[in-house]
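Please consult the sequence and structure shown here while reading.

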Amino acid sequence: MSTHSLLLFIGVCALATFATRIIPFVALAKHADHPLILHLGRYLPPTVMMILVIYALRDFRPLLDGRLNAGATGWPMIAAALIVALLHLWRRNALLSIIGGTGAYMAMVQLGWMG
Amino acid sequence: MSLPYAWKEAGKLTLPVMFGYLPLGAAYGILAVEVGMPWWAAVMMSLVIYAGAGQFLAVALLAAGAGLMELAVATLMLNSRHLFYGLSLLKRFQGAGWRKPYLIFALTDETYSLITTLPAERAGDQALAFRVSLLNQAWWVLGSIAGVLAGTTLAFDSRGIEFALTALFIVLTLEQARRLRRWLPFAIALFTGLGALLLLPDRHLLLGAIGAASLILLLHYRLGRNPEACA
């Protein structure tokens, strides 16, 4: 692949990505104070956050094709997610919750616990 | 607030993203070099595209010899969830001046999550949002460079470290719940998230769930307008 076509490839991908980010700002610039936009501004972030959690945990499938599926990364992921949530409810220290949960997950995966 | 302190504050906020972006960026860098992309092109993608899943997809399409049209359509589809992010940030980015174009450019899932979960008294602080955005991209670019340089030999066993991003989303969800004290968005997310998980293929999962959730919020707005306002 020539340098020229590689640059073109990157340019198209950059433009397409930026387009998805800037379109609402350009298209709705005059409506930032519209009650519907304020409504979405209030409720969409928590909704998206929770969806991202579900998405991040999507590899956990306790049932696959109607059978119990004890997959390799499934249970450690759920256990670590619970550790994060409990740590956070207990101490409310974001860094502690994240490091605690991630450390536990790495240990479980690398040492093959609960695999 | 002094400048070093301001960056330190942003640095602390982005630390969890660093734990996620460094290994993920490295994985991307390794993959890009493996499919034969020159190192400078791999790093350039992290500078000018800056989209995690989007860059993995681009590398895969490049390796498969896909055309530009195919690339454009696939990228638009994959990243169209960003449309909804912008919708909910219109107000917050208003009057951000010279920082605004970069704030919009750098709007990844993780940056969106951090910015929208800032405590109420910092919510309008666009300088802080800018520092958070810039640092997040710095972690991503650094990770990419490390991946490009290291190839397949990583010194330390980092298996599982990408869970940091999952942990970040869990913490931010709890913080949002504490702030909002309403069950509605979480019920909608459970409904659309689990629905998408059951009905949609992996690559359309996020867009499907976020799109459906936005529609439900729109309906909720329409229904709530007459009786006692929608809060």
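**Chain B in brief**

From the N terminus on, the elements of chain B follow the order α-α-α-α-α-α-α-α-α-α-α. The radius of gyration of chain B is 19 Å, close to the 17 Å given by the globule rule for 231 residues, so chain B is as compact as a globular protein of that length. The model is predicted.

**Overall fold**
- Chain B has 11 helices and 0 strands.
- Along the principal axes, the C-alpha atoms of chain B fill a box of roughly 60 × 50 × 35 Å.
- Of the 231 residues in chain B, 46% are buried.
- Among contacts in chain B with a separation of 6 or more, 75% join residues 24 or more positions apart.

**Helices α7 and α8 of chain B**
- Helix α7 (residues 109–116) of chain B packs with helix α8 (residues 126–150) of chain B at an angle of about 155 degrees, and their axes are 10 Å apart.
- Angles over 145 degrees count as roughly antiparallel, and α7(B) and α8(B) are therefore roughly antiparallel to each other.
- The crossing of α7(B) and α8(B) is right-handed.
- From α7(B), B:E110, B:T111, B:L114 and B:I115 meet B:A129, B:V132, B:S133 and B:N136 of α8(B).
- This contact of α7(B) with α8(B) comprises 4 nonpolar, 3 polar and 1 charged residues.

**Contact with chain A**
- In chain B, 72 residues are in contact with 57 residues of chain A.
- Helix α9 (residues 163–180) of chain B gives the most to the side of chain B that touches chain A, with 15 residues.
- That side of chain B has 51 nonpolar, 17 polar and 4 charged residues.

Terms used: Residues numbered from 1 in each chain as written. Chains lettered and ligands numbered in written order. Predicted model: local features only at pLDDT ≥ 70, side-chain atom pairs only at ≥ 80, totals over all residues. Contact = placed C-beta atoms within 7 Å. Helix = DSSP H or I, 4+ residues; strand = E, 2+ residues; numbered from the N terminus. Nonpolar A, V, L, I, M, F, W, Y, C, P; charged D, E, K, R; others polar. Rg over C-alpha atoms; globule rule 2.2 N^0.38 Å. Buried ≥ 20, exposed ≤ 12 C-beta atoms within 10 Å, placed from the backbone. Axes fitted to C-alpha atoms, helices over the stretch in contact; angles between N-to-C directions. Parallel < 35°, antiparallel > 145°, perpendicular 65-115°, else oblique. Left-handed = near helix turned anticlockwise from the far one by under 90°.
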